[in-house]
Amino acid sequence: MKQTAFTNKHIALGAKMAEFAGYNMPISYSGINDEHAAVRKNAGIFDVSHMGEFILKGEFALDLIQLVTSNDAAKLSDGQAQYSCLPNNEGGIVDDLLVYCIEKNKVYMLVVNASNIEKDWNWIQQHNTKNVEMHNISDKTCLLAIQGPNATKMLQSLTEIDILNLKYYTFAKGKFAGVENVLISATGYTGAGGVEIYFEDKEGDAEKIWNAIFEVGTSQGLKPIGLAARDTLRLEMGFCLYGNDIDATASPLEAGLGWITKFTKEFTAKEILQKQKQEGVKRKLIAFEMIEKGIPRHGYEIKNEAGEKIGYVTSGTQSPTLQKAIGMGYVNSANAQLNATIFIAVRDKTVQAKLVKIPFQ
Amino acid sequence: MNIPENLRYTKEHEWVKLEGNIATIGITDFAQRELGDIVFVEVESIGKTLSAGATFGTVEAVKTVSDLYLPVNGTVTELNALLSTVPESVNNDPYGAGWMIKMTVENPDDVAGLLDAAAYSNLVG
């Protein structure tokens, strides 16, 4: 099992650890509800160094990114980031990712899911006919997410970069906690605000940054957060999780990711997706909340009033903030009407739910 | 980890406290830690006579759901009413306020055959 630069910190803090994507990762510390509330109301720090980072360089780097991703990366200027996905040849999804424009037309960073690093790398290489210089810097790159309404306020004293006013989906590079060349990005997977910081793990820098963040944060209530609360936080926002809500069989249009699918450029499976858009998708990813008691879980069947299967649950949990059970899943497009009543097969029972908007509220 | 000496345990992480032929059943400290924050406990077997190993209910945590197994043959008589309003009692006090059901045990000797604290401690080591 691989370790991140912070694995020993998590263990020393008493985290419940488990294997995730080949890494020994913290699942929870003080408890999901407590960690979740810390991020929603104040600030929490996540070690997500298991995520993958690729650098693409040279005059054809943008061309390659345009070809393999669904969003329009040509729109990015230096210091801007973009949510996108890698469609497969059938119009499904290889992975979802962030595209960072480090230097327009010259240097880009792609941030991919930990469990898909090798698959994504091979997929992009397969399309790399113009010999774009590619570097997989995943193993040496640390990624900490500091999320919550007070996150940037806590961290501001550690850097000269104006992170308090860093716009959503922009980033800057500079000195952080005395460490040079740290990329600070106003992004995250919680909907709570805050930043994600990327830096190379060398000469004790990881330790230095971690300790500095805790030094300024602990007295202000900063808490370490595990992957379990990361999942409940993202689900309350309706953010997709690869492997649950999106996968090789789900198209971005079915998944509600039409907003990152731009037909103004050429890319993998453009024709298939364009046809889907014109004809309408057969199924849609929907959000629902439980009306009757029960918690939806990945894989549970979704039924209509007549008891016929109309889809399945992709993600579900008890929402710590809303104190109700929420979920997402695919249903036939005909059943994907807001406020419609659906039924979730929770083990041997059928439990009533209704379609709602995201973010959940 | 808290494993009281005076209780008996199962491999499925339930604890049993026997008084006469009435047993109180809950889940262990280890189990509540593994499950994380508990949202509700569902028991629909009140009044039913079941065999050891039968599912008497389920416990839903934020992230996961787990079946609850009857440790010995008998009849489920009572659900801890507190759990409907304060399910986190299972996390905070698994051997006390967080108890789950009471049952009438068919054969009290069956309880003696379950794991003692030392054996359970070895299991979750």
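These questions and answers cover a predicted model, its chain interface and some of its salt bridges.

Residues are numbered from 1 along each chain as its sequence is written, with chains lettered from A and ligands numbered from 1 in the order in which they are written. In this predicted model local features need pLDDT of at least 70, side-chain atom pairs count only at pLDDT 80 or more, and totals for chains, interfaces and linings use all residues; side-chain values use heavy atoms, with hydrogens and water left out.

Reader: How many residues of chain A are in contact with chain B?

Author: Contact means heavy atoms within 4.5 Å. Chain B brings 16 residues to the interface. On the side of chain A, the number is 18.

Reader: Which residues of chain B lose the most area to chain A?

Author: Buried area is the accessible area (1.4 Å probe) that two parts lose on being put together, summed over both. Between chain B and chain A it is about 1,400 Å², and carbon and sulfur atoms give 47% of that. Three residues together make up 41% of what the side of chain B buries. They are Asp37(B), Val62(B) and Lys63(B).

Reader: Which residue of chain A meets Lys63(B) in a salt bridge?

Author: A salt bridge is a side-chain nitrogen of Lys or Arg within 4 Å of a carboxyl oxygen of Asp or Glu. The count between chain B and chain A is six. In the bridge of Lys63(B), N and O are 2.6 Å apart. The partner is Asp231(A).

Reader: Is Glu289(A) buried or exposed?

Author: Buried means under 20% relative accessible area, exposed over 50%, partly exposed in between (1.4 Å probe, protein chains only). Glu289(A) forms a salt bridge with Lys324(A) at 3.0 Å, N to O. Lys324(A), at 22%, is partly exposed. Glu289(A) has a relative accessible area of 14%, so it is buried.

Reader: Which residue forms a salt bridge with Asp29(B)?

Author: Both partners lie in helix 1 of chain B, four residues apart, about one turn of the helix. Asp29(B) is buried, with a relative accessible area of 7%. The closest N and O atoms of the pair are 3.2 Å apart, and the partner is Arg33(B).

Definitions and conventions:
Helices (H or I, at least four residues) and strands (E, at least two) are DSSP runs, numbered from the N terminus.
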